[in-house]
Amino acid sequence: MDYQSQYKRAISDPNGFWHDQAKKLPWFTSPENILSESSGRYEWFSDGEMNTCYMALDHHVKQGRGDQTALLYDSPVTGTKQSFTYQHLLDEVSRFAGALQQKGVTKGDRVVIYMPMIPQAAIAMLACARLGAIHSVVFGGFAPRELAVRIDDAKPDVIVTASCGIEIDRVIEYKPLVDEAIRLAQHSVNHCIVFQREQAIADLDASRDSDWLEVASNAEPAPCTSVKATDPLYILYTSGTTGKPKGVVRDNGGHAVALNFSLNAIYNIKPGDVFWAASDVGWVVGHSYIVYGPLIYGATTIMYEGKPVRTPDAGAFWRVIEEYQVSVIFAAPTAFRAIRKEDPEGKKINPEALSCLNAIYMAGERLDPATYDWTREQTGKPVIDHWWQTETGWPICANPVGIEAFETKPGSSTLPVPGFDVQVLDESGNELPANEQGAIAIKLPMPPGCLPTIWQDDERFTASYLSRYDGYYCSGDGGYKDADGYVFIMGRTDDVINVAGHRLSTGEMEEVLAAHPAVAECTVIGVADSMKGQVPLGMVLLKDGADIDESALEAELIAMVRDAIGPVASFKQAIVVPRLPKTRSGKILRKVLRQMVSEETVNVPSTIDDPQAIDDVKQSMRRKGVIQ
Ligand code: COA
Ligand code: AMP
């Protein structure tokens, strides 16, 4: 069936469309109740019983694919390569699930995972899924305070970590960070399981900590626990507009069905192909396309513990593609910008060695046309921009090449994926005509796999996503559709920024800056960066009488953000301003500031309190070299 027919059917007959997709998976009890609605809330496959780990591992082994490679681990930072068959991975996962069980973990319990990109991270995730426990993976670049906030929200009994991560050539000890987070958290964590890596052996506290290898070798393999399709598989925290991250909940059944569909429809791979998402398990891309998607679909996935450059050079991605005969690579545009910066003429690319590669997928931030063109020209491969979010768990817009391949247009993530009724709305919720920019919203119901709620905060779910436009999910992104229905995502309409493909909240950074004793007022905005897409810029107003040298203050603010949020925030610049442009009611005019730093025409609103503030801020920006 062509794209238009599939798209129309998914919207007009979601029950039939998704029932057909669900039938492709091995359920314990197949769902009959496909889509149910109650008070404007939707559930998928509510009477289905299943287990995600069973679908990802046991099923393939039962089908005789136990010897097929499930996971390849490639770590240029440690010089290690390892390969796991489906049978081997199943054995490791079952035993680690047994170890978690011995620590008291059962269905519905939460387990926080704070790990680098090593196979044990995927093993821990799958082991939780096996028990029906809910994992919450926290990205290793977040500081202890961020980890503590997530511990307090998810309330886990167990934390799984490793003794260290490796950032190019720096060993980052994780255990002291976890200890500090446990100390900061209100919720008390009973057990911490540590995978010891030879680069740094962590000190263990016998009353709470245990060694991964020891607990796994003493454990009996655990069987799969049957869960309802609507039971949560994981919580993944993502940045919202306030200081408190949102715990996006993912269910088991809808997630499995959606990912299985996407591997074919969007990524056009076959079971047994090698699929490489060069991301991190701490992000949604890692959840969906390093761990669950490829395994449920019966493909081979790669866990790459390295960077696109400097491990050892800009040829790293091309080396991995050739060595493992990768069919599809998926990474953030920033990774290709980094490669391009170091190897602008593509000297490290040998197009013949890439004959295995079908296409290069990019998401996580806007794909700028220059990076799109360079990647396409240097590799000779199709470059597919696709748009999605932690909340949806899988692509909303893409070139659905597994169904029908369309011509791409630079700057566009092509067309809505079957199941997503994407509309561009004006302030009053009316659909805008082609080429007019507005808020990108998705008409309810969303397809399977998208978030059913925010962990323990249904009200925030409604307030954040459903209340802006009745009957729609509000994505937080702005953009437009052209006359052919192609979707162009132009950026966030809220205070979320995207730094090197990492989603961060400026509100959260503002809370940190505001805690400095010399700071009276502050704001953080995203400014364009040629490699990371955006980087944060802090603007602070000093308290009367504050006597502090500007560069000393800047250094302190940078250290505070690094300490509170983590190095991943890439907060490297703060300027002192004499005042900030505000409305008469006292709201900081962030849009005006954003227009100023991007050197666009500044639209001064009539509600501005004092227009002179704009010139004052401009002068401060010029002094600091932020603008010309
Ligand atoms: N654990 C500990 N620290 C981490 C970390 C982790 N897992 N990941 C990143 N950091 C640290 C880095 O060491 C760096 O610290 P520094 O300020 O002391 O140098 C900081 O966080 C910022 O890291 P990063 O954003 O990775 O910047 P970089 O300059 O080190 O590398 C790129 C630039 C482009 C190579 C890198 O950002 C990259 O590979 N981006 C791809 C992003 C991606 O895959 N996103 C996934 C979403 S799809
Ligand atoms: P995350 O939840 O971390 O995956 O970040 C989601 C956000 O990243 C989206 O809301 C967009 O702002 C941005 N984003 C993701 N993919 C794209 C894309 N292909 N084009 C433009 N922006 C994107």
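The largest cavity is lined by Ile558, Val561, Arg562, Gly566, Pro567, Ala569, Ser570, Phe571 and Lys572. Please keep in mind that you are looking at a predicted model. By class, this lining of the largest cavity comprises 5 nonpolar, 2 polar and 2 charged residues, and the volume of the largest cavity is about 50 Å³. How does one find such empty space? Rolling a probe the size of a water molecule over the atoms shows where empty space is left.

How many cavities of 30 Å³ or more does the structure hold? There are 2. The second largest cavity has a volume of about 30 Å³, and around it sit Val137, Val138, Phe139, Phe142, Arg150, Leu236, Tyr237, Gly282 and Trp283. That lining divides into 7 nonpolar residues, 1 polar and 1 charged.

## Around ligand 1

Ligand 1 has 24 residues around it, and those that come nearest are Glu167, Arg170, Lys307, Lys532 and Arg562. Arg562 also belongs to the lining of the largest cavity. Sorted by class, the shell around ligand 1 has 10 nonpolar, 7 polar and 7 charged residues.

Which atoms come together here? Arginine 170 places a polar side-chain atom 2.9 Å from an oxygen atom of ligand 1. A polar side-chain atom of tyrosine 174 is 3.3 Å from a nitrogen atom of the ligand, while glycine 140 brings a polar backbone atom to 3.3 Å from a nitrogen atom of ligand 1. On its own, ligand 1 has 940 Å² of accessible area, and the protein covers 86% of that.

## Around ligand 2

Ligand 2 is surrounded by 15 residues, of which the closest are His386, Thr390, Asp477, Arg492 and Arg503. The shell around ligand 2 contains 4 nonpolar, 5 polar and 6 charged residues.

Aspartate 385 has a polar side-chain atom 2.7 Å from a nitrogen atom of ligand 2. How much of ligand 2 does the protein bury? Taken alone, ligand 2 exposes 500 Å², and 94% of that is buried by the protein.

## A salt bridge across the sequence

The whole structure has 36 salt bridges. One of them joins the side chains of glutamate 323 and lysine 81, with 2.8 Å from N to O. Glutamate 323 is in helix H11 (residues 316–324) and lysine 81 in strand E5 (residues 80–85), so this pair ties together parts that are 242 residues apart in sequence.

## Backbone details

Most residues other than glycine have a negative phi, and most peptide bonds are trans. The peptide bond from threonine 311 to proline 312 is cis, with omega near -5°, and proline 312 sits in the loop between strand E17 (300–304) and H11. The bond from leucine 444 to proline 445 is also cis, with omega near 0°. Proline 445 belongs to the loop between strand E24 (438–443) and helix H14 (458–466).

Is the phi of phenylalanine 45 positive or negative? Phenylalanine 45 has a positive phi, near 60°, and its place is in the loop between strand E2 (41–44) and strand E3 (49–50).

Technical notes
Residues are numbered from 1 along each chain as its sequence is written. Chains are lettered from A and ligands numbered from 1 in the order in which they are written. This is a predicted model: local features need pLDDT of at least 70, side-chain atom pairs count only at pLDDT 80 or more; totals for chains, interfaces and linings use all residues. Side-chain values use heavy atoms; hydrogens and water are left out. A residue is near a molecule or strand if one of its heavy atoms lies within 4 Å of it. A polar contact is a pair of N or O atoms within 3.5 Å; within protein, one must be able to donate a hydrogen and the other to accept it, and residues adjacent in sequence count only if both atoms are side-chain atoms. Accessible areas come from the Shrake-Rupley method with a 1.4 Å probe; for residues, only the protein chains shown count as cover. Ala, Val, Leu, Ile, Met, Phe, Trp, Tyr, Cys and Pro count as nonpolar, Asp, Glu, Lys and Arg as charged, and the others, Gly among them, as polar. On a 1 Å grid over the protein atoms alone, a cavity is a set of points where a 1.4 Å probe fits but cannot get out, and a pocket is an open set with protein on both sides within 12 Å along at least five of seven lines; lining residues have an atom within 4 Å of a point. Grid points are joined across faces, edges and corners, and a volume is the space filled by probe spheres set on the points. A salt bridge is a side-chain nitrogen of Lys or Arg within 4 Å of a carboxyl oxygen of Asp or Glu. Helices (H or I, at least four residues) and strands (E, at least two) are DSSP runs, numbered from the N terminus.
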